[in-house]
Amino acid sequence: MLNIVILNGNPSSTSRLNGLIEYAERALRQKGFAIEQIHVADLPADDLVRARFDSPAIAAANQKVEKAQGVIIASPVYKASYTGILKAYLDLLPQKGLQHKVILPLFIGGSLAHLLAIDYGLKPVLSALGARYLLGGVYAVDQWVTRLPEGGYSLPEELKRRLDESLSELGSALHLSVSGSL
């Protein structure tokens, strides 16, 4: 079974980004992928801030990334970039920690003005970590994701379509990478 880890770089547990993550996780599980999540905000803050590479919590998170064939990197956009807490964790991955992984970014922001945060902010860091299979990703606007009173989230059909296309591309790329064709 192919493994995908979701790096959730969201410092807030109530963000609408969770709607995208939940949708992606559900869709990928239905396709037979094993999914694990790393909630970066749940890692010890002192280990992140002090760059404790030898921290047991950081080592456990890095093990999840190491055994995964695919990585979804999810973050809200703050100040035209992904979150600082996500960057603090990415700094603790081994130098080639994303080598041979298929990467799919999922970002959400307040407006379309930050649409290029994936290309200009995230992709250079991922490349420095050895990532070569970077998919285009999905950027959504907060207003597109509705919190439901009974819990969960509602996504508009257009956003679901874009997510489905990207998740399908991720699945295809993962199968190609395992077969050695990618």
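The model is predicted, so local features need pLDDT of at least 70 and side-chain atom pairs count only at pLDDT 80 or more, while totals for chains, interfaces and linings use all residues. Residues are numbered from 1 along each chain as its sequence is written, and side-chain values use heavy atoms, with hydrogens and water left out.

The protein chain contains six helices and eight strands; helices (H or I, at least four residues) and strands (E, at least two) are DSSP runs, numbered from the N terminus. Read from the N terminus, the order of elements is β-α-β-α-α-β-α-β-α-β-β-β-β-α. The C-alpha trace spans about 40 × 40 × 30 Å along its principal axes. For 182 residues, a compact globule would have a radius of gyration near 16 Å, and the 15 Å of the protein chain agrees with this. The radius is taken over C-alpha atoms, and the globule rule is 2.2 Å times the number of residues to the power 0.38.

Of the 182 residues, 45% are buried, where buried means under 20% relative accessible area (1.4 Å probe, protein chains only). Contact means heavy atoms within 4.5 Å. Among contacts between residues at least 6 apart in sequence, 80% join residues at least 24 apart.

Asn-8 belongs to strand S1 (residues 3-8) and is buried, with a relative accessible area of 3%. Leaving out residues up to four places away in sequence, Asn-8 touches Leu-17, Asn-18, Ile-21, Gln-37, Ile-38, His-39, Val-40 and Ala-74. A polar atom of the Asn-8 side chain lies 3.0 Å from the backbone nitrogen of Asn-10.

Gln-37, one of the residues touched by Asn-8, lies in strand S2 (residues 34-39). Apart from neighbours within four places in sequence, Gln-37 is in contact with Ile-6, Asn-8, Ile-21, Glu-25 and Lys-64. The side chains of Gln-37 and His-39 make a polar contact (3.1 Å); such a contact is a pair of N or O atoms within 3.5 Å, and within protein one must be able to donate a hydrogen and the other to accept it, with residues adjacent in sequence counted only if both atoms are side-chain atoms. Gln-37 and Ile-72 are 35 residues apart along the chain, and their C-alpha atoms are separated by 9.2 Å.

Asp-47 is part of helix H2 (residues 45-49). Asp-47 is buried, with a relative accessible area of 11%. Beyond residues up to four places away in sequence, Asp-47 touches Arg-52, Ser-55, Ile-58 and Leu-92.

Technical notes:
Buried < 20%, exposed > 50% of the residue type's maximum accessible area, 1.4 Å probe, protein only.
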